[in-house]
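Here is a friendly walk through the side chains of one protein model. Please have the sequence and the 3D view open as you read.

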Amino acid sequence: MSVSIFNRYIAKSLLTFFAGVVSVLTFVIFMNYFLRVLDMAMTYGTSLGWILSSLLNILPDVFCLSAPMAFQIAVLLTLTNMSEQGELIALRAAGFSFKEMVKPLLVCALVLSVILIILGNWLTPRSYKQFINLREEAYSKITKVTLEPKTFINLGDWDLYVEDLNKQTNTASQIHLVNKKDSGAMSTKVNASTGHIVLTDTAIGLQLKDGQMQRVDSKDPSSMIAANFDDYTMSISLTKTNERRLRVGEMTTTKLLRHLRNDPLTQTLKNEFRSAISMRNVLAVSPLILLLVSCPIGFSLGKRTNKGVGMALSVAIIFSFYLLMTLGLSLGKKYALLSYPGPWLPVVVGIIVGYYLWKKRLNM
């Protein structure tokens, strides 16, 4: 078998396993987001376009999570399959070195790492930001307001209760309003004997008669400010325009570095930004590290080894890698000195373990 034919054969085998495994893992992770998006759509009455857009924007993030694991499993499944068929022994007998057998796997790992670097540092944060924006859009708009008597109605920051309601004239009696988002310990309540209610797509207007507004201290109920009124008009918006603080996952690596360089951040926030940058790149180079550890193990498998062994070994390696990454990320967020190098812990350990396994494999 020529080198070029062998390279195409092993690359095709690897990509076949990778495509199957990444599809399964992506589907499993994606279903978690799908159920959440579907729940929001049913709760807030969003459109089909909103659902499809949300799901499409979450796909890059799901792929970044599933691709390294899928590659690791695909490598060991490929080597296990070749060992089971006796192909590894035949290749060694034909004069192929371990370096020649690893080369096509290494090329695939490099290509995947480049893709993950681009996705993880720039494209995924933008897509995730769009996903969060769509979610906040669903949260901010109340699309299912139905006025019913003797029922608490959610109006965003307010809860509305009316004892009796004439839907023909939109007049109500015994109206009670409670503000749920008051700052501090004070809470606001508005009570009125009668009133007129007008509901639109974006707001609800209330013209209240003969009532009282109360400001009560929740820590000291006896401390209360009250004002009576004969006629009071108020409007409650059904949409929110409050600006929100961007999450780390929504900012590209370039933007995180710009904030670190130009903005007066707390040490905790600096640690979080630096650790996030490192973690993105650790995930990007993880196919190379996982390949370094997997190949000597795969080449050591005997002919009687089946794919179940390869799968079990893959799970153990993946679990160890992500456990070390979680530990490193925790250390990076906690200690400023480790904010950049902390998440690289699985890479360092992987290089050491890989070097030991290769040295042992080549000395056999």
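In which strand is the place of Gln-174? Gln-174 sits in strand S3, which covers residues 171-179. Keep in mind that this is a predicted model.

**Backbone with positive phi**

Although Gln-174 is not a glycine, its phi is positive, at about 50 degrees. With a relative accessible area of 38%, Gln-174 is partly exposed. Lys-150 is not a glycine either, and has a positive phi of about 55 degrees. You will find Lys-150 in the loop between H4 and S1. This lysine is exposed, because its relative accessible area is 56% and the exposed class begins over 50%.

**Salt bridges**

Lys-150 also takes part in a salt bridge, with Glu-163 as its partner. In all, the structure holds 4 salt bridges, and the table lists three of them, including that one.

| Salt bridge | Closest N and O atoms |
|---|---|
| Arg-135 and Glu-136 | 3.9 Å |
| Lys-150 and Glu-163 | 4.0 Å |
| Asp-231 and Lys-209 | 2.8 Å |

The bridge between Lys-150 and Glu-163, with N and O atoms 4.0 Å apart at the closest, links distant parts of the chain: Lys-150 belongs to the loop between helix H4 (98-140) and strand S1 (153-155), while Glu-163 belongs to strand S2 (residues 158-166), 13 residues apart. Glu-163 is partly exposed, with a relative accessible area of 32%.

How far apart in sequence are the parts that Asp-231 and Lys-209 tie together? The closest N and O atoms of this salt bridge are 2.8 Å apart. Asp-231 lies in strand S6 (residues 224-237) and Lys-209 in strand S5 (residues 203-217), so the pair ties together parts 22 residues apart in sequence. Asp-231 is partly exposed at 43% relative accessibility, and Lys-209 is partly exposed at 32%.

As for Arg-135 and Glu-136, is each buried or partly exposed? Arg-135 counts as buried, because its relative accessibility is 11% and buried means under 20%. Glu-136 has a relative accessibility of 28% and counts as partly exposed.

**Aromatic rings**

The model has 10 aromatic pairs. One of them joins Phe-6 and Phe-96 in a tilted arrangement, with 5.1 Å from centre to centre and 45 degrees between the planes. This pair links distant parts of the chain, 90 residues apart: Phe-6 is in helix H1 (residues 3-44), and Phe-96 is in the loop between helix H3 (87-93) and H4. Phe-6 is buried, with a relative accessible area of 0%, and Phe-96 is buried at 6%.

Phe-152 and Tyr-161 form another tilted pair, 5.0 Å centre to centre with 40 degrees between the planes. Here Phe-152 is exposed, with a relative accessible area of 62%, whereas Tyr-161 is buried at 18%.

Elsewhere, Tyr-33, Tyr-128 and Phe-131 make up one aromatic cluster. There is also a charge over a ring: Arg-92 lies over the face of Phe-98, at 4.2 Å from the ring centre.

**A nonpolar surface patch**

Which residues form a nonpolar patch on the surface? They are Leu-327, Leu-331, Tyr-335, Leu-337 and Leu-338, and together they have about 470 Å² of accessible area. Tyr-335 is found in the loop between helix H7 (307-334) and helix H8 (345-362), and counts as partly exposed at 40% relative accessibility.

Key:
Residues are numbered from 1 along each chain as its sequence is written. This is a predicted model: local features need pLDDT of at least 70, side-chain atom pairs count only at pLDDT 80 or more; totals for chains, interfaces and linings use all residues. Side-chain values use heavy atoms; hydrogens and water are left out. Patches are made of residues with over 30% relative accessible area and no salt bridge: like charges are joined within 9 Å, nonpolar side chains (Val, Leu, Ile, Met, Phe, Trp, Tyr) within 5 Å. Accessible areas come from the Shrake-Rupley method with a 1.4 Å probe; for residues, only the protein chains shown count as cover. A salt bridge is a side-chain nitrogen of Lys or Arg within 4 Å of a carboxyl oxygen of Asp or Glu. Helices (H or I, at least four residues) and strands (E, at least two) are DSSP runs, numbered from the N terminus. Buried means under 20% relative accessible area, exposed over 50%, partly exposed in between (1.4 Å probe, protein chains only). Rings of Phe, Tyr and Trp (its six-membered ring) pair if their centres lie within 6.5 Å; planes under 30 degrees apart count as stacked, over 60 as edge-to-face and the rest as tilted. A charge sits over a ring if NZ of Lys or CZ of Arg is within 6 Å of the ring centre and within 35 degrees of the ring normal.
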